[in-house]
Amino acid sequence: MKTSIKLNVSAEYIFERLIDSRIYDIFEATGEWVTEDDLTNFSYVSEDDAGQNCRIVLNKVSFAQSYHYQIETKNELISKAYDLKTLAADKVEVTFSQRVKAKSLLHGLRNKTANLFLGWLQASNFRKVLKQIEVGY
C-alpha cells in the first residue's frame with residue numbers, strides 16, 4: 001500500500017509528531033527514554049495490537065525527511081516508511097508506504113485478501129490521522 005497527502009504544516013512539525021510517538025512507545029516497552037539521535041538502527045521488543053510480541057527496528061530516521069521501520073512478528077515482516085517532501089515553509093507532502101511479507105503461504109493469502117477488501121480503509125484512516133495532526137498545528 002502506498003498513499004500520499006499534502007498538509008498545511010511544516011515537515012519538521014509532522015516529523016516531530018511521528019518521532020514523539022515512537023519515542024513514547026520505546027519508553028513504554030523498555031522503560032528507557034531515548035533521544036532522536038539514538039533512533040537510527042534502534043531495535044526493541046514491544047507488543048502489537050493483538051498482544052503478541054514483535055521486534056521493531058528503526059531503519060532510517062532522517063530529520064524532516066524520512067522515517068522507516070520494520071515490525072517483525074511470528075507470522076510476518078512489515079516494512080513501513082514515511083517520506084516527507086517540503087513544498088513550502090508550512091506545506092508538506094507525506095508519502096506513506098507499507099509492505100507486508102508473510103512468513104507462510106496461508107498468512108500471505110490472508111494478507112492479500114484483507115488488502116484487497118480493506119486496503120482503501122487503511123489508506124483513508126491514515127489520511128484522517130494526519131489531518132488531525134494538521135488541525136493541532
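**Where is the place of Val-135?** The place of Val-135 is in helix H2.

**Figure 1. Meet the whole chain, a predicted model.** Before we zoom in, a word on how to read these views. This is a predicted model with residues numbered from 1 along each chain as its sequence is written, and local features need pLDDT of at least 70, side-chain atom pairs count only at pLDDT 80 or more, while totals for chains, interfaces and linings use all residues. Side-chain values use heavy atoms, with hydrogens and water left out. The protein chain has two helices and six strands; here helices (H or I, at least four residues) and strands (E, at least two) are DSSP runs, numbered from the N terminus. Starting at the N terminus, the order of elements is β-α-β-β-β-β-β-α. With a radius of gyration of 16 Å, close to the 14 Å that the globule rule gives for 137 residues, the protein chain is as compact as a globular protein of that length. That radius is taken over C-alpha atoms, and the globule rule is 2.2 Å times the number of residues to the power 0.38. The C-alpha trace spans about 45 × 35 × 20 Å along its principal axes.

**Figure 2. The nonpolar core.** The largest nonpolar core has 32 residues, and those with the most contacts inside it are Ile-14, Leu-58, Tyr-67 and Val-94. Such a core is a set of buried Ala, Val, Leu, Ile, Met, Phe, Trp, Tyr and Cys residues joined through side-chain atoms within 4.5 Å. Buried means under 20% relative accessible area, exposed means over 50%, and partly exposed lies in between (1.4 Å probe, protein chains only). At least two residues of this core come from each of strand E1 (2-7), H1, strand E3 (53-62), strand E4 (66-72), strand E5 (76-88), E6 and H2. H1 gives the largest share, eight residues. In soluble globular proteins, nonpolar side chains tend to be buried together. Now look at Ile-14: leaving aside neighbours within four places in sequence, its contacts (heavy atoms within 4.5 Å) include Leu-7, Val-94 and Ile-133.

Figure 3. How many aromatic pairs does a search of the whole structure find? The search finds ten. One of them joins Tyr-24 and Phe-27, a tilted pair at 6.3 Å centre to centre with 40 degrees between the planes. Rings of Phe, Tyr and Trp (its six-membered ring) pair if their centres lie within 6.5 Å; planes under 30 degrees apart count as stacked, over 60 as edge-to-face and the rest as tilted. Both Tyr-24 and Phe-27 lie in helix H1 (residues 11-30), three residues apart, about one turn of the helix. Tyr-24 has 46% relative accessibility, so it counts as partly exposed. Phe-27 is also partly exposed, with a relative accessible area of 25%.

Figure 4. Phe-96 and Phe-126 form a stacked aromatic pair, 4.7 Å centre to centre and 25 degrees between the planes. Phe-96 sits in strand E6 (residues 91-102) and Phe-126 in helix H2 (residues 105-135), 30 residues apart.

**Figure 5. Arginines over tyrosine rings.** Arg-17 lies over the face of Tyr-13, at 4.6 Å from the ring centre. Arg-22 lies over the face of Tyr-69, at 4.5 Å from the ring centre. A charge sits over a ring if NZ of Lys or CZ of Arg is within 6 Å of the ring centre and within 35 degrees of the ring normal.

**Figure 6. Two serines and a valine.** Ser-66 is found in strand E4 and is buried, with a relative accessible area of 3%. Not counting residues up to four places away in sequence, Ser-66 touches Phe-15, Lys-60, Val-61, Tyr-82 and Asp-83. Ser-79, in strand E5, is buried with a relative accessible area of 16%. Leaving aside neighbours within four places in sequence, Ser-79 is in contact with Tyr-69, Gln-70, Ser-97, Gln-98 and Arg-99. Back in helix H2, Val-135 is exposed, with a relative accessible area of 65%.
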